[in-house]
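Trainee: I would like a close look at a single part of this model. Please take me through it step by step.

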Amino acid sequence: MSATFLGMPPFPEAAKRAVEDSRTRHNLHKATHTIRAKRTRVVDELGDDWQRLRAEGERIKTHTLRHLDHYLERLEESVQRAGGTVHWASDAAEANAIITRLIRRTGETEVVKVKSMATQEIELNNALEAAGITAYETDLAELIVQLGEDLPSHILVPAIHLGRAQIREIFLQRMGEWGRPAPPDLTDDPHALAEASRVHLRELFLRSKVAVSGANFAVADSGTLLVLESEGNGRMCLTLPETLISVVGIEKIVPTWSDLEVFMQLLPRSSTGERMNPYTSTWTGVTPGDGPQDFHLVLLDNGRTDVLADTVGRQALRCIRCSACLNICPVYERVGGHAYGSVYPGPIGAILTPQLQGMASKVDEALPYASSLCGACYEVCPVAIDIPEVLVHLREKVAESKGHVSEKALMAGAEAVFGSATALDAVQRAAGLARGVVPRHLPGPAGKWTDTRDLPDVPARSFRQWWNEREDGR
Amino acid sequence: MRIALFITCVNDTLFPDTGRAVVRLLERLGHEVVFPTDQTCCGQMHYNTGYRRPAARLAVRFARTFENADAVVVPSASCAAMIRDNYPRLSRSGSRLARRMDSLAPRVYDLTEFLVDVLEVTDVGAYYPHKVVYHPTCHGLRFLGLGDRPYRLLRAVRGLELLELPEATECCGFGGTFSVKNGDVSSAMGFDKARHVVETGAEVLCAVDNSCLMHIGGTLSRQRSGLRTAHIAEILASTEKEYART
């Protein structure tokens with residue numbers, strides 16, 4: 001069985017372990033800072049036009065989500081008209097069952113995969129494995145993660161937590177189990193590593209009859225799907241096999257082809273820090289004599305309709321999975337993706353995962369607190385998702401749920417003090433008298449502060465005491 | 001001008017020197033400062049932790065206390081941002097709070113905004129002969145958009161050498177209850193910020209928010225770094241005369 005996020009500890013505990021992992025900290029710092037700098041360069045060069053593009057991206061997505069029922073039906077009609085078949089999946093289990101059935105019908109037991117967040121979300125590879133079908137990841141980083149029986153830790157760069165020496169080890173030890181082995185004299189030179197994966201994957205591309213993909217965008221009026229990638233491996237999967245199955249979240253729709261003009265600028269600049277995306281593949285149903293002749297689109301809900309019903313939280317569905325929020329996030333930079341316990345890590349994961357799967361578990365209800373609310377994510381988001389606003393909104397839901405007794409008592413106590421200037425003054429006077437006897441290390445949750453930081457000295461007089469004495473003296 | 005001071009609960013309780021500095025500074029610039037004593041807390045901790053209703057009640061209290069003020073000066077960017085950005089979210093449209101806030105919010109200023117935009121002054125006549133580094137806090141930078149206002153004020157201070165902070169725009173890791181709920185990540189961020197501050201060779205770290213300074217300062221103090229923190233108001237209030245006295 002492939003690796004799974006099940007059984008991960010809640011964020012604070014997972015993060016504690018992660019911040020102590022010096023190798024991961026080093027890899028993440030280097031990678032996030034490199035990609036941040038690239039993004040800043042290509043965004044800044046657009047000047048004011050960037051904010052106009054951003055506003056337009058937000059507008060198109062918001063409009064589409066508001067009329068999603070209409071555009072979904074339109075997409076279904078367009079895809080069918082172009083020779084594709086459309087399937088509707090309300091949840092992960094239904095999507096996996098549909099895909100398994102479609103693959104079985106071909107008689108094949110192997111599929112090649114284009115990098116896809118939707119298939120990660122539904123844990124398709126595990127479902128296929130249980131059905132006796134082997135799914136080969138062909139995106140270089142996804143391949144590394146799959147061979148290493150690891151988990152993705154970033155939306156765009158799933159192996160961001162690994163350095164090239166670790167990747168070399170994985171290739172040498174595991175590639176042979178999945179196909180053509182890595183050359184025994186493999187070095188950790190990036191070109192050598194890329195060449196080993198190229199040779200390994202080439203066999204799979206030429207052999208496979210079925211491919212599974214996701215899509216970055218689905219155009220309602222033409223039925224066209226798009227995949228943006230950097231390696232060309234996705235294009236191999238999208239063109240060589242006989243059957244193509246694309247799993248697409250229902251929020252991925254844009255109304256018209258011309259809307260792509262905005263997103264083709266927003267996405268590459270936000271994600272890889274490039275002006276233009278290297279490999280953009282588009283396909284519309286089936287074209288006789290060209291590419292897969294059997295095309296299936298699986299439209300995935302899996303909690304999205306519920307998110308749409310939340311007037312504050314629904315903006316998370318605008319996400320185009322660029323990862324700019326991960327790369328800028330000071331929390332993500334220090335803990336990496338695994339601590340978020342989901343295929344969607346970082347700030348967007350902290351608002352998307354609890355909304356898609358609810359907050360019944362300790363892991364999910366800890367996610368909205370995995371942020372200092374610094375606002376850097378909102379600032380870089382190309383579709384202006386106010387992530388801090390949604391985080392606070394989700395925290396409200398947690399605070400309204402059962403449990404959290406000591407925190408609720410603390411907040412009620414604080415409100416009682418702040419509810420009256422007399423009460424606040426009394427507390428301040430008591431604190432002033434107790435100054436000097438405040439221990440350097442506090443018990444309970446406050447110990448989390450004093451473990452690593454000193455407390456400020458409590459002043460003898462509060463400001464209001466000083467003010468009142470000054471007024472009295474006048 | 002008659003200026004109402006919203007001191008904020010953190011400054012009132014833990015950093016009264018900042019409040020005294022604001023009063024001294026504004027009076028020196030020829031204005032009258034009033035302190036409505038009914039004031040307590042803006043509700044930021046409750047709001048950010050998910051306790052919406054207590055936050056809304058504290059918002060109502062603030063609006064009632066400052067309703068008739070010509071201008072409200074807040075020596076804390078995060079509290080000013082709480083009032084301007086989040087109070088509208090706490091009030092139903094058309095409600096009494098919403099109506100009060102619509103009229104009040106544009107009159108609520110962070111101290112540096114008030115000095116530069118309203119009083120139109122950048123040289124406040126201050127003297128502070130120290131090497132200083134400025135940390136632009138998240139709320140000052142991204143929520144209020146203070147831009148270069150604090151820098152302009154600091155550059156006009158005589159004797160002050162302003163140093164450049166590497167990775168300045170990154171959060172210090174305080175985040176209110178985040179600092180204990182996710183103490184390990186918060187500390188990791190705080191250590192990196194403290195390291196950048198120390199690297200500048202500064203004597204004094206200043207900011208527009210004492211809660212961030214409490215976090216970075218607590219880290220610097222634990223490390224026995226020898227650096228001290230000061231709210232920007234304390235630097236701007238300092239004059240040659242007062243400096244000689246201390």
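How many residues does the contact take from chain B and from chain A?

Mentor: The model is predicted, so read what follows as a description of that prediction. The contact takes 64 residues from chain B and 64 residues from chain A. Between them, the two chains bury about 5,500 Å². Of this area, 58% lies on carbon and sulfur atoms. Three residues stand out on the chain B side. Tyr51(B), Asp184(B) and Arg222(B) supply 12% of the area that chain B buries against chain A, more than any other three residues.

Now the charges. Chain B and chain A share 16 salt bridges. One of them joins the side chains of Glu415(A) and Arg57(B), at 2.6 Å from N to O. Polar contacts come next. Across the interface, 33 residue pairs are in polar contact, with both residues at pLDDT 80 or more.

Where does the chain B side come from? Helix α11 of chain B, residues 183-199, gives the largest share, nine residues. By type, the side of chain B that touches chain A divides into 27 nonpolar, 20 polar and 17 charged residues.

Next, look at the sheets in each chain. Start with chain A. Six of its strands form an open sheet, in the order β1-β10-β7-β4-β2-β3, and the pairing is parallel. Strands β1 (85-89) and β3 (134-137) of chain A stand at the edges. Each has a single partner strand, so one side of each is left without a neighbour in the sheet. Neighbouring strands of this sheet are turned by 25° against each other on average, direction ignored. Within the sheet, β4 (residues 210-213) and β7 (residues 243-249) of chain A pair in the parallel sense over four bridges. Here Ser213(A) stands opposite Ser246(A) in β7(A).

Chain B has an open sheet of four strands, in the order β6-β5-β7-β8, again with parallel pairing. At its edges stand β6 (161-163) and β8 (228-231) of chain B. Each of these has a single partner strand, so one side of each lacks a neighbour in the sheet. Take one pair from the order. Strand β5 (residues 131-134) of chain B runs parallel to strand β7 (residues 204-207) of chain B, and three bridges join them. Val132(B) has Val204(B) as its bridge partner in β7(B).

Definitions and conventions. Residues numbered from 1 in each chain as written. Chains lettered and ligands numbered in written order. Predicted model: local features only at pLDDT ≥ 70, side-chain atom pairs only at ≥ 80, totals over all residues. Heavy atoms only, no water. Contact = heavy atoms within 4.5 Å. Buried area = accessible area lost by both parts, 1.4 Å probe. Salt bridge = Lys/Arg side-chain N within 4 Å of Asp/Glu carboxyl O. Polar contact = N/O pair within 3.5 Å; in protein donor to acceptor, adjacent residues only side chain to side chain. Helix = DSSP H or I, 4+ residues; strand = E, 2+ residues; numbered from the N terminus. Nonpolar A, V, L, I, M, F, W, Y, C, P; charged D, E, K, R; others polar. Pairing = 2+ DSSP bridges. Axes fitted to C-alpha atoms, helices over the stretch in contact; angles between N-to-C directions.
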